[in-house]
Each structure stands twice: as structure tokens, then as C-alpha cells.
Amino acid sequence: MQVQIHTSWRPHLQKEFESQYFKDLVQFVRHEYTQQTCFPKGKDIFAAFDHATFDTTQVVIIGQDPYHGPNQANGLCFSVKEGIPHPPSLGNIFKEIASDIGKPYPKSGNLEHWADQGVLLLNATLTVRAHQAGSHQNKGWEIFTDAIIKLISKEKTGVVFLLWGGYAKKKATLIDATKHTILMSGHPSPLSANRGLWFGNKHFSKTNALLKKMGKRPIDW
């Protein structure tokens, strides 16, 4: 596994790359990709950081695991490749956007256009074995992605963090709420959404209102 990450992140993360946990993680991931079918493709593992650079990141959405079905994961949380059916959580995200800001439900589930506008779509774990959810958890990825959240919190100001569901909400402790805005709700998965914990959160219009207030360009969701 080559650590092919956008140059804007490198100076901030050099300490992580040189640490023992990260070297062990790289060794683990290389072995898994050699011996097993894993997702996303190697070149897409750090895609979230290529689309949303350190400088452009203004919104952070935190997921947990990449999709573990064939041709789904593209390195951005909740996003799928072109032409792939929308997983239930993504479908509920699009329904909330339609309800919140009136944007029609899209054909494509690829969220690269969000990421290109500075939305860091960050999974806590960046790789997974095919058909085995959580198979690469507790191998070091969470230490790395927590370091990313802390870095953004410390080095930037005015970032909007969207924390959906219990797992993501735990990351609030890593964020300086005096410098950034944290919006929390239930997870968009059917289990949570059908209990009234997701729909109506209006996170998309709220995010844009916050960005406009700070003189930043709103996101074209």
C-alpha cells in the first residue's frame, strides 16, 4: 500500500506516517490486499484527502466503514461509484436533501462533487474485506483518522462537522467547539431514520447558512 495522499496533508501528518502504529497498519493492509479481496481499490484508499485538500476542507462528515460489496466503495464515506445502486443510508441522505433544500433525488450516488467543494467524507476505517463489515477495525485506522479530526480542529477554524449516529457523535470530544460548529443527529440508516432520528435534521441548509455567515461559499449538495 502506497500512502498516496494529497501533498497538502503530508506535512501535517508526517508524524503519523513515521509512527510504529502506522507502519504496522500499512503492513497489515498490504497483506490483506494481497491475500483477500478488499475495498476500496488501493488507489482510492486516500481519495477523501485528494478531493478535499487540507486547505479546502470546510465541512467534515464522519462515517465508520467503507462499503464491503463489489464496486461500491470509492474512498469517500457514504459515496458509491457511478452506476451503483444507492445503499439505504445514501438514499436517506438524498431524501433529506430533497426535503431540506428542494434538490431533486439524483441518479448518481457518487459524492465526489461534494468532496471537490471541500467536504471531507471521512470514514473512521479506510479499508475493509469484501463482505465482512468491520473486518479492518482496531488495526490502526481509527488512530489515524482521529489524528485527522484533531488536526483539522487545531489548525483550522470555522469548519462544520456533521456527526450522524452514535459512533460519529463520540468524535465530538476531539473537536474544539469554540472554533468550529458541530451538528449532530441520528444516522441515515433505515434503523435510525425510521425511528425519526434522521429526517428533518436540515443539516444541509444549516451547513450552508453557517458557511454563508462566515463568508464562505455554500455547498452545492
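**Questions on a predicted structure**

The charged end of Lys156 sits over the ring of Phe54, 5.1 Å from its centre.

Student: What kind of model is this?

Tutor: The features discussed here are computed from atoms that come from a model. That model is predicted.

Student: Which residues are linked by ring pairs into a cluster?

Tutor: A search of the whole structure finds 19 aromatic pairs. Phe54, whose ring lies under the charged end of Lys156, belongs to a cluster linked by ring pairs. The members of that cluster are Trp9, Phe17, Tyr21, Phe22, Phe46, Phe49, Phe54, Trp141 and Phe144.

Student: Why is strand β3 largely enclosed by the rest of the structure?

Tutor: In a regular strand, side chains alternate between the two faces of the sheet. On one side of β3 stand Val119, Leu121 and Asn123, on the other Leu120 and Leu122, and all are buried. Strand β3 spans residues 119–123, and it is largely enclosed because the number of its five residues that are buried is five.

Student: Which residue stands opposite Val119 in β3?

Tutor: Strand β2 covers residues 59–63 and runs parallel to β3. Five bridges join β2 to β3. Opposite Val119 stands Val59.

Student: Which element gives the largest share of the lining of the largest pocket?

Tutor: The largest pocket holds about 400 Å³ of space and is lined by 28 residues. Gly63, Gln64, Asp65, Asn123 and His187 lie nearest its centre. Both β2 and α7 (165–169) supply at least two residues of this lining. The largest share, four residues, comes from α7.

Student: How many residues in the lining of the largest pocket are charged?

Tutor: The lining of the largest pocket includes 14 nonpolar residues and 13 polar ones. The number of charged residues in this lining is one.

Student: Which helix supplies the largest share of the lining of the second largest pocket?

Tutor: About 170 Å³ of space lies in the second largest pocket. Its lining consists of His12, Leu13, Lys15, Glu16, Ala147, Lys150, Leu151, Lys154 and Glu155. At least two residues come from each of α1 (10–18) and α6 (141–155). The largest share, five residues, is that of α6.

Student: How many residues in the lining of the second largest pocket are charged?

Tutor: Lys15, Glu16, Lys150, Lys154 and Glu155 are among the residues that line this pocket. Three residues of the lining are nonpolar and one is polar. The number of charged residues is five.

Definitions and conventions:
Residues numbered from 1 in each chain as written. Predicted model: local features only at pLDDT ≥ 70, side-chain atom pairs only at ≥ 80, totals over all residues. Heavy atoms only, no water. Buried < 20%, exposed > 50% of the residue type's maximum accessible area, 1.4 Å probe, protein only. Pairing = 2+ DSSP bridges. Phe/Tyr/Trp six-rings, centres within 6.5 Å; stacked < 30°, edge-to-face > 60°. Lys NZ or Arg CZ within 6 Å of the ring centre and 35° of its normal. 1 Å grid on protein atoms, 1.4 Å probe; cavity = no way out; pocket = protein on both sides within 12 Å on 5 of 7 lines; lining within 4 Å. Points joined across faces, edges and corners; volume = space filled by probe spheres on them. Nonpolar A, V, L, I, M, F, W, Y, C, P; charged D, E, K, R; others polar.
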